[in-house]
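Here are a few exercises to work through with the structure open. Try each task yourself, then read the solution under it.

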Amino acid sequence: MPVIALAHACGVGRFERDRGVDVHRYERLFGDAPKLWRAVPLEDAQVVVYPHHYRKGEETARAAEAARKRGVPCIFFKSADDATPVHLPYGVIYRDSIDSAQQAPSERVLAAFADDLLHDRGGEMVVREKTDRPSIGFCGYVGTAFNRAIFRLTGRAQKFHGLFLRHRVLRGLGRSSRVDCKFIARARFWGGALGRFHRNVSRQVSVREEYLNNIFNTDYTVCLRGAGNFSYRFYEVLSAGRIPLFVNTRCVLPFASQIDWRRHCVWVEESELERAGDILADFHVRLSAEEFRAMQRANRKLWEDWLAPLSFYRRVLESEMAAE
């Protein structure tokens with residue numbers, strides 16, 4: 001059974017690598033993790049990390065009980081769209097899809113690990129200069145009214161909800177005369193390059209390039225949930241040194257007690273989607289030219305120091321061990 005990236009980085013098990021265009025996200029983790037951590041027998045461990053994505057059952061229960069008996073922290077990880085709370089009798093679980101209204105005491109937020117978008121751009125960040133009117137981008141799956149209705153009628157409520165919210169926020173922004181919208185609203189997932197039974201690699205490359213250009217060539221990017229209550233795009237935009245327009249759908253963001261997230265994005269509540277254009281324009285007006293540049297640099301540094309896989313895992317391990 002495949003293991004999580006952290007386990008593989010420490011020499012445990014087989015890791016399933018992405019076969020598409022987004023394949024560099026774990027390079028630094030795999031290169032540097034052995035210098036920081038090593039896998040040892042349970043009796044020598046300072047922390048127990050379950051090596052697979054969490055599934056409730058006898059195996060995860062045994063891991064938690066073994067850690068409890070040893071008196072060491074126990075950490076699970078789960079990446080899935082399902083936001084159903086996970087209640088643990090011992091240990092904590094880091095997961096990406098959490099609803100703040102239902103969050104269990106044992107749940108923490110797992111950053112959505114994304115490629116470093118500067119990787120294929122020479123590694124150098126190009127800071128945008130402030131203009132009078134903000135530009136706002138989005139390139140991604142919105143679907144059509146017909147297929148959104150199909151998702152709803154067939155019981156895929158979360159998929160419908162995410163796509164409908166995307167449709168609503170793009171419509172709200174598009175109605176504003178105060179912002180420049182650069183939207184590529186795709187009717188099919190990955191522009192039709194990926195499906196259940198097919199993968200068109202050349203099409204993936206071109207779709208990905210359009211996606212990257214949309215982020216790098218705009219001041220702000222719309223970031224909101226899909227089927228799960230989290231956004232990969234949010235982390236990619238931060239890695240690019242750009243500014244997310246973050247739509248809050250009862251989300252929980254990583255390290256919220258340590259990071260003032262509203263200093264790193266334009267914050268729009270789900271109830272404010274029709275006003276998103278004015279919220280963005282007002283935010284942009286309040287920034288000086290230097291503040292606009294500094295925010296881009298701060299977002300890139302935030303991703304490097306807190307949200308890239310190596311940095312994130314390091315902070316998680318340090319935090320959980322310190323808590324004990």
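**Exercise 1. Find how strand β5 pairs with strand β6, and which residue stands opposite isoleucine 136.**

Step 1: β5 and strand β6 (residues 180–186) run parallel and are joined by seven bridges; strands pair if DSSP finds at least two bridges between them. Helices (H or I, at least four residues) and strands (E, at least two) are DSSP runs, numbered from the N terminus.

Before going on, a word on the model: it is predicted, so local features need pLDDT of at least 70 and side-chain atom pairs count only at pLDDT 80 or more, while totals for chains, interfaces and linings use all residues. Residues are numbered from 1 along each chain as its sequence is written, and side-chain values use heavy atoms, with hydrogens and water left out.

**Exercise 2. Work out why β5 is largely enclosed by the rest of the structure.**

Step 1: Buried means under 20% relative accessible area, exposed over 50%, and partly exposed in between (1.4 Å probe, protein chains only).

Step 2: In β5 (residues 135–141), seven of the seven residues are buried, so the strand is largely enclosed.

**Exercise 3. Trace the links of strand β7 to β5 and β8.**

Step 1: β7 (residues 220–223) is parallel to β5, with two bridges between them. Glycine 137 has threonine 221 in β7 as its bridge partner.

Step 2: Strand β8 (residues 243–248) also runs parallel to β7, this time over four bridges. Here cysteine 223 partners phenylalanine 246 in β8.

Step 3: Check the two faces of β7: Tyr220 and Val222 are buried on one side, Thr221 and Cys223 on the other.

**Exercise 4. Describe how the rings of phenylalanine 160 and phenylalanine 164 pair.**

Step 1: Rings of Phe, Tyr and Trp (its six-membered ring) pair if their centres lie within 6.5 Å; planes under 30 degrees apart count as stacked, over 60 as edge-to-face and the rest as tilted. That rule gives 21 aromatic pairs.

Step 2: With centres 5.5 Å apart and planes at 10°, phenylalanine 160 and phenylalanine 164 are stacked.

Step 3: Both sit in helix α5 (residues 157–174), four residues apart, about one turn of the helix. Phenylalanine 160 is buried at 15% relative accessibility, whereas phenylalanine 164, at 32%, is partly exposed.
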